[in-house]
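Please walk me through this structure, one contact at a time. I am new to reading protein models.

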Amino acid sequence: MRIVKNSIAGTLESSDIHVEVSPGTGVEIDVQSTVLTQFGDSIKKTVMDVLREMEVGDVRVFANDRGALDCVIRARLETALLRAAGGDGP
Amino acid sequence: MSKLLASLGEAVTASGLKDGMTVSFHHHLRNGDYVLNMVMDAIAKLKIGNLTINASSIFDAHAPLIHHLRSGVVGGLEANYMGSTVGRAVSEGVLNKPVIFRTHGGRPSDIESGKSPIDVAFIAAPSSDSAGNCTGRFGKSACGSLGYAFADAMHAKKVVVVTDNLVDYPLRDYSISEAHVDYVVRVDAIGDPQGIVSGTTRMTRDPVALRIADLATQVISASGFLKDGFSFQTGAGGGSLAVAQNVRNIMREKKIQGSFALGGTTGYLVDMLEAGCFESILDVQCFDLKAVESLRTNPRHVEISASHYASPSAKSCAAEALDVVVLGATQIDCGFNVNVHTDSGGYIIGGSGGHSDVAAGAKLALVIAPLSRARLSIVVEKVLTVTTPGKTVDVLVTQCGIAVNPLRADLRQQLARAGLPLVEIGDLRKMAEETNGIPQKPDLEEKIVGKVLYRDGTVIDGIRQVRRPAGA
C-alpha cells in the first residue's frame, strides 16, 4: 500500500489512541503514551506488525496513545493508513 | 501580652524555630492551600534549614515545596497522602531520607504518644480571634471541619494560627481553643476558595463505574448490615457517590433508620442526613460547599478530631464502630492487599489517608475498582506497595464480578445465597491481564524513598526510587 496523503484516526480520550499518518521515505515511527514505561515496546511492535501486514514501506506514523488496548491500536492505525492510501489500498 | 503578630516571619522567629526541627500543617484547605507555601517561604528567608515537615497531606498546590527540598530548607517529609507533583520529585530521589507515610489515625496517635513530636504547628484557620480561638465553619476561606489539626494544636510545643478572617474576641463557636495557641497571624488569604472545596461533587455517568456501584450496593444489601442502626463511610469519588445514592434509595424505600455517616463529607451524605437516613454525620473533613454549610448549621453534623475518627491508640474511635466502608484502589492483588500509594510505574501518587484505618475498623470493607484503567490492570498478582493489608479487606467489587476474601467464608456464603455473581480474585487478575497484555516492570532502584507505616506504627512496606527514563 502506498501512502499518498496525510490522515488521522482516533481521539485523545482515555483508553484511545490518536494516530497521524503521512507520506515518508522508509518507515518512521514516533510513539508517545501514558503507559510508555509499561507498554512502549508492545505498542511499537504492534505498529510495525500492522505496517508489515498492510505492506506499507514508506510512511511516517505519529501515535499519541492514552492507554489503548492492542486491538484499538490496530484498528486506529489501519483506519489511518486506509485513509492515507488514496483509494488504491487493498 | 498580645498573641497577634504582624507577619509569618515574626511568628517563626517568636516560635524559636531552629535548624533540624519539625513543623506541621493540616490539609483542610486541600488543593487551595496557601499556608504551607507561605510559611515555608518565610522560613527560607530566615535561613532556617534541614527541617522536617509533618503534614497531614501534601497536595499539588504545594509544588513550590520541591524547591525547598532541593535547597535543603526541608530535609524530611511526613504525610498521610502526597499528590503526584511532589510525589514525582520524591520518587526520583530529591530527599536523602525516606518520606514517612502514616494513616489519618496513625498520625494523631504518634503525635499524642510523643513518637512524632512537633516543634511548631501552623494552623490554617478560616476564622480566628486574636487569642487563637479558631474554626473552619465560616470566613471567605471556609473549609468546614478542622479535624486533622487537633492533635497538632494540642501537642506541638508552639502553635501558630494563620487566618484571613480575624474576628472579635471571643469567637464562641470555636473548634480549636485559645488554650493551645501561642501566636496568631493575619494574612490576606489563607487559600483559594476554588481549590479548597469543590462547588459540587459530581456523580459519575461512566457505565462501568455505575455497574460496579450497583454490584457494590447489592453486596451491602445482602451483607445484613443495611438495617436500623446502619453506619457508613464512602469516599468522594464518582463510583463511591453512586453507591451512596443507591444505598440512600434503599434506606428510604425500606424506611431504614441509620446511625451515622463517617469520614470526609460530601453533599451526598448531607442529603442523606437531611432525608433522615442517618442520625448524624461525624466529620473530619469537608469536600464541598454543601458539607461546609451543613457543618455550620446542622447540629447533627458534628466535627470530630482525627483521633476520634481513627486513632488506633485512642481509648476508642468511630472507625471501630463502623459497619460498612466503600474504598477505592490503585492496585489490589490476589491476597486482597491494596495499594493507593504508587502508580504502576512506581511513582508516588497518593497515600493511605484513612484507607487502612477504616478497612481495619469497619465490619465490612468493600473495595470497588474497575479491572483496568487505560490499559493498566488494577487487579494484579502482587501490589507494588502495600497500603492496606489484605486481611482487613473483605470484598472486591469489579464490573466483571465480586471476589470475597477467603478469610470471610461466612460472607461468601451469604452473598452466594443472595445470587450475586461471585468470582475468584485470581480469575479477575487473569481477565485483566488477557485484556491488557503483560506490562514491563517499572525500573526501580534500591534506594527507599518512602516508608509506609501501618496505623499501629509498624513498617508495612517501602517505596523505592524510580529510575528516571533516559532523556526525561
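Contact here means heavy atoms within 4.5 Å. Keep that in mind, and note that this model is predicted.

Start with helix α10 of chain B. Six of its eight residues are buried, so α10(B) is largely enclosed by the rest of the structure. The buried ones are B:G267, B:Y268, B:L269, B:V270, B:M272 and B:L273. What do they pack against? The partners are β12, α9 (238-253), β13 (260-265), β14, α11 (289-297) and β15 (301-303), all of chain B. After the helix comes B:G276. Its phi is positive, near 85 degrees.

Now turn to the aromatic rings. A pair of aromatic rings is described by the distance of the centres and the angle of the planes. Over all chains, a search of the whole structure finds four aromatic pairs. One of them joins B:F230 and B:F232. Their ring centres are 5.5 Å apart and their planes meet at 25 degrees, so this pair is stacked. The cut-off for stacking is planes under 30 degrees apart. Are these two residues buried or exposed? Both B:F230 and B:F232 are buried.

B:F230 has another partner, B:F278. This pair is stacked too, with 6.3 Å from centre to centre and 25 degrees between the planes. Where do the two residues sit? B:F230 is in the loop between α8 (207-223) and β12 (232-234) of chain B. B:F278 is in the loop between α10 (267-274) and β14 (280-286) of chain B. The pair therefore ties together parts that are 48 residues apart in sequence. B:F278 is buried, with a relative accessible area of 0%. B:F230 also counts as buried, at 0% relative accessibility. Together, B:F230, B:F232 and B:F278 form one aromatic cluster.

The charged end of B:R88 is over the ring of B:Y347, 4.0 Å from the ring centre. B:R375 lies over the face of A:F39, at 4.1 Å from the ring centre.

Last, look at two helices of chain A. Helix α1 (residues 36-53) and helix α2 (residues 70-84) have axes that come within 10 Å and cross at roughly 40 degrees. α1(A) and α2(A) are therefore oblique to each other. The crossing is right-handed. Which residues make the contact? From α1(A) they include A:I43, A:V47 and A:V50. From α2(A) they include A:I73, A:L77 and A:L81.

Conventions:
Residues are numbered from 1 along each chain as its sequence is written. Chains are lettered from A and ligands numbered from 1 in the order in which they are written. This is a predicted model: local features need pLDDT of at least 70, side-chain atom pairs count only at pLDDT 80 or more; totals for chains, interfaces and linings use all residues. Side-chain values use heavy atoms; hydrogens and water are left out. Rings of Phe, Tyr and Trp (its six-membered ring) pair if their centres lie within 6.5 Å; planes under 30 degrees apart count as stacked, over 60 as edge-to-face and the rest as tilted. Buried means under 20% relative accessible area, exposed over 50%, partly exposed in between (1.4 Å probe, protein chains only). Helices (H or I, at least four residues) and strands (E, at least two) are DSSP runs, numbered from the N terminus. A charge sits over a ring if NZ of Lys or CZ of Arg is within 6 Å of the ring centre and within 35 degrees of the ring normal. Axes are lines fitted to C-alpha atoms, for helices over the stretch in contact, and angles run from 0 to 180 degrees between N-to-C directions. Angles under 35 degrees count as roughly parallel, over 145 as roughly antiparallel, 65 to 115 as roughly perpendicular and the rest as oblique. A crossing is left-handed if the near helix is turned anticlockwise from the far one by less than a right angle, and right-handed if clockwise.
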